[in-house]
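This report is written for a reader meeting the structure for the first time. Please look over the sequence and the model below before reading on.

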Amino acid sequence: MLDRRGILYGMNVMDLKRFENGERPSDVEALALADFEDTRALADVASRIRDQGFLNLVTFSKKVFIPLTHLCRDVCHYCTFAQTPSKIEVPYMDLDAVLDVARNGAALGCKEALFTLGEKPELRYRAAREWLGGHGCQTTLEYLHDAAKAVFEETGLLPHLNPGNMTPEEMAALRGVSPSMGIMLESASERLTEKGMPHYGSPDKVPAVRLQTLDDAGAAKIPFTTGILIGIGETRRERIESLLAIRRIHERHGHIQEIIVQNFRAKPGTKMRAAPEPDLDELLWTIAVARLVFGAGMSIQAPPNLSPGVLPQIVAAGIDDWGGVSPLTPDFVNPEAPWPHLDELRRETAAAGKELHERLTIYPPFARDVDTWVDEGLRSAVLDKIDGEGLPRTDDWCPGDDTVPPADVLSHITTAPGAVSADVRVILERARDGANLTQAEIVRLIRARGDDFAAVAQAADAVRRDTCGDTVSFVVNRNINYTNICYFKCQFCAFSKGKLSENLRGRPYDLSHEEIQRRTQEAWQRGGTEVCMQGGIHPEYTGRTYLEIVRAVKEAVPDIHVHAFSPLEVWQGAATANLSLPDYLAELKEAGLGTLPGTAAEILDDEVRAVICPDKINTEQWLAVMEAAHGVGFRTTATIMYGHVDQPQHWARHLIRIRDLQKRTGGFTEFVPLPFVHMEAPLYLKGRARRGPTFREAILVHAVARLALYPHITNIQASWVKMGHEGVVAALNAGCNDLGGTLMNESITRAAGAGHGQETSPRRMIGMIEAAGRTPRQRSTVYGDVPADVARRGLEASELADVVNTPARKYERKHRRALVKNEIPAVNVS
């Protein structure tokens, strides 16, 4: 046992540190903590465990509090929320009143509608039964369902329901209108239900009943909140027994999303009005023990309004969440304790060395896995609100949209950071030394927020400055997408056309060689040095088709550089020509192909590809094409298309795979992050993807790419068509040194819904670069110099002529089905 000096089975208290390595105390060890009185020692260990799971973040939910009814059949001796019918005007809030609160909350930026109510009042009060009957309901939970459904449909707020004990059938009904629910266990001690104790006369507070509700919620796959109420007569050992009872249920189902440690407040008018409140040490001790019992992965919450003036100490004890905070409604359960203003909460959290950030009512691990944890009717709403970590988007910026980037992110990019997390400082130092960052280190940098984000962006820019100086390059080029017909079913693509797809932007086309040549000649006359050519995988295209396209371009303008064909097109070309990859690539080179774009990479992780492009070449095949291309002397680019169903660990794996190939071949000229443009993407329209990365994530992917790929890839490019002009200026201050091409006729991103135009002229490119305080340089595809007379033609170019998209003729699809998923033919890669 653990005695008062901190000796555990004969070991010094320092042995508690083993829990920092992912080990959690056994039940016996946890119960032994009841006699351990060194709160500071416990809190030190607990805070370090918390940091492993939650880094420098403390979260809160911006909510409205909707007290649907104050009637309750229970008579808890400390409660002022529950009232009798004679003391309230109406038994329930009517739907208009509920919606009025919800609409006002939505207008203030709230994302959660917290429904709190007494338990089963219709079983005790005739007034409740009559009101419910007059509104077409038999039970309070039926009315709760209708109210939550109306709030979600009318305002978009995500309901969180605290309805008390429920049957599995009731849970199943409510799961369809709420992504999360909760019930406070309060205590697992039967002693507290005895006569003279706070839960006497309250049948819904019997521990076995509440624990059964928790267990049933896990079986129903409902993200659930719970917790304990301290200071109501329980012992420290009973608190730990309560925590262990919750832990056992969570170990069965994995559905508990937070543990609330709530301190009792004595309230006038209750039987416990004169009861002593737990002191600060009791609260801090209990928080620390809860963290040790549940480990680094569980959110531990303490309500900030119940402990004003000591919030930094509470953070230091191991919490990572403040719970719901409302800018509109009071805490109806603790009306004597007003919510702190969010600015004050932010300052107090910062004083503890942490960054305050919003969360949704459904916690990040569950929001990232909506297929498991969220009803089908709510999944798209959750995905639409979150970033790659499952935290809420806090601004309206999206890739391809004209919305101005958020001011706080722009400020962090250029403002010296304050308190930077120690682990981030270590990783950044390793990156500056050119070390091969691990997946965990890359993920840590991608998760940076606040001062950590500023440190990452500025470290990337310092590496950029040391590597590339203050010159920013761009190429004058023309996009020629030779066909939009494609039999692949990439779920992110709004460009390709197959049968029954004419409802998407544009009609199917297949450019004639004459039109390709005309566009090439016009590009050359307007100062273009490159044509960038890609298209859909047309069922009738073969390896010969791609060779003929290259020859047509070189026939029209022999000196123009041909940058064409993604690894998917190369793989298909080699397969249909019955050639090995090196042999086919050699034929493309002889025909006049200059370099290859590194598109079709999307996310180089087959877990993600199985969702977004299941019938496309896989990660290994993409890398094989690129390695073969480098082997025959081609230089290529590398890309990443991120912000849909992927998460930071997938971005990290992608970067490592690119880095590893570059170390072998040295063939990549640049790395190009391409944020997902969601507006017309099928995956998004089906409710299965996020709205692209947040602006913070977009900047971080560029910055972390600079650090993770250093010193192997020296050029990091920002896409103006995805990021917008203000976005690329920001990216230039976060590690980027290249803006890619002027494009002339960009169509793929515009088909997805982007609104940044089809061309950025050389003059506009120069303006963007100079706005960032940098020196512009027009380059060739492979980063060489461009003759002055060619550059001058670009500056003096006239408007583009209207394009002619040659209508596609009818074709037979069946003879190319051999290239569909699981039937992609083997290609000799050597």
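The structure is a predicted model, and every value given here was computed from it.

**Aromatic rings and charges over them**

A pair of aromatic rings is described by the distance of the centres and the angle of the planes. In this model there are 13 aromatic pairs. One of the pairs is formed by Phe-366 and Trp-373, whose ring centres are 5.0 Å apart and whose planes meet at 80°, so this pair is edge-to-face, since planes over 60 degrees apart are given that name. Phe-366 and Trp-373 are both buried. Elsewhere, ring pairs join Tyr-482, Tyr-541, Tyr-546 and Phe-565 into a cluster.

**The largest pocket**

Rolling a probe the size of a water molecule over the atoms shows where empty space is left. The largest pocket found in the model has a volume of about 820 Å³. Its lining is made up of 35 residues, and those that lie nearest the centre of the pocket are Arg-346, Glu-355, Leu-356, His-357 and Asp-408.

Which elements each supply at least two residues of the lining of the largest pocket? They are strand 1 (57–69), helix 11 (342–351), strand 9 (355–359), helix 15 (407–414), helix 18 (451–468) and helix 27 (695–709). By residue class, the lining of the largest pocket divides into 15 charged, 11 nonpolar and 9 polar residues.

**Residues in loops**

The side chain of His-77 reaches the backbone oxygen of Tyr-200 at 3.5 Å. His-255, in turn, is placed in the loop between helix 8 (236–253) and strand 6, and it is buried, with a relative accessible area of 0%. A polar atom of the side chain of His-255 lies 2.8 Å from the backbone oxygen of Leu-214.

Ala-274, in the loop between strand 6 (256–263) and helix 9 (280–294), is exposed, with a relative accessible area of 74%. Asp-401 belongs to the loop between helix 14 (376–385) and helix 15, and with a relative accessible area of 27% it is partly exposed. Gly-109, found in the loop between helix 3 and strand 2 (112–117), is likewise partly exposed, with a relative accessible area of 27%.

| Residue pair | Separation along the chain | C-alpha to C-alpha distance |
|---|---|---|
| Ala-274 and Ser-299 | 25 residues | 32 Å |
| Asp-401 and Gly-353 | 48 residues | 35 Å |
| Gly-109 and Arg-551 | 442 residues | 57 Å |

**Backbone geometry**

Most residues other than glycine have a negative phi, and most peptide bonds are trans. Against that background, a few places in the model can be pointed out. Phi of Phe-565 is near 75°, which is a positive value in a residue other than glycine. Phe-565, one of the residues in the ring cluster, is located in the loop between strand 13 (561–564) and helix 21 (567–577) and is buried, with a relative accessible area of 1%.

Finally, where is the cis peptide bond that has an omega of about 0°? The bond joins Tyr-710 and Pro-711, and Pro-711 has its place in the loop between helix 27 and helix 28 (720–732).

Note on methods. Residues numbered from 1 in each chain as written. Predicted model: local features only at pLDDT ≥ 70, side-chain atom pairs only at ≥ 80, totals over all residues. Heavy atoms only, no water. Phe/Tyr/Trp six-rings, centres within 6.5 Å; stacked < 30°, edge-to-face > 60°. Buried < 20%, exposed > 50% of the residue type's maximum accessible area, 1.4 Å probe, protein only. 1 Å grid on protein atoms, 1.4 Å probe; cavity = no way out; pocket = protein on both sides within 12 Å on 5 of 7 lines; lining within 4 Å. Points joined across faces, edges and corners; volume = space filled by probe spheres on them. Helix = DSSP H or I, 4+ residues; strand = E, 2+ residues; numbered from the N terminus. Nonpolar A, V, L, I, M, F, W, Y, C, P; charged D, E, K, R; others polar. Polar contact = N/O pair within 3.5 Å; in protein donor to acceptor, adjacent residues only side chain to side chain.
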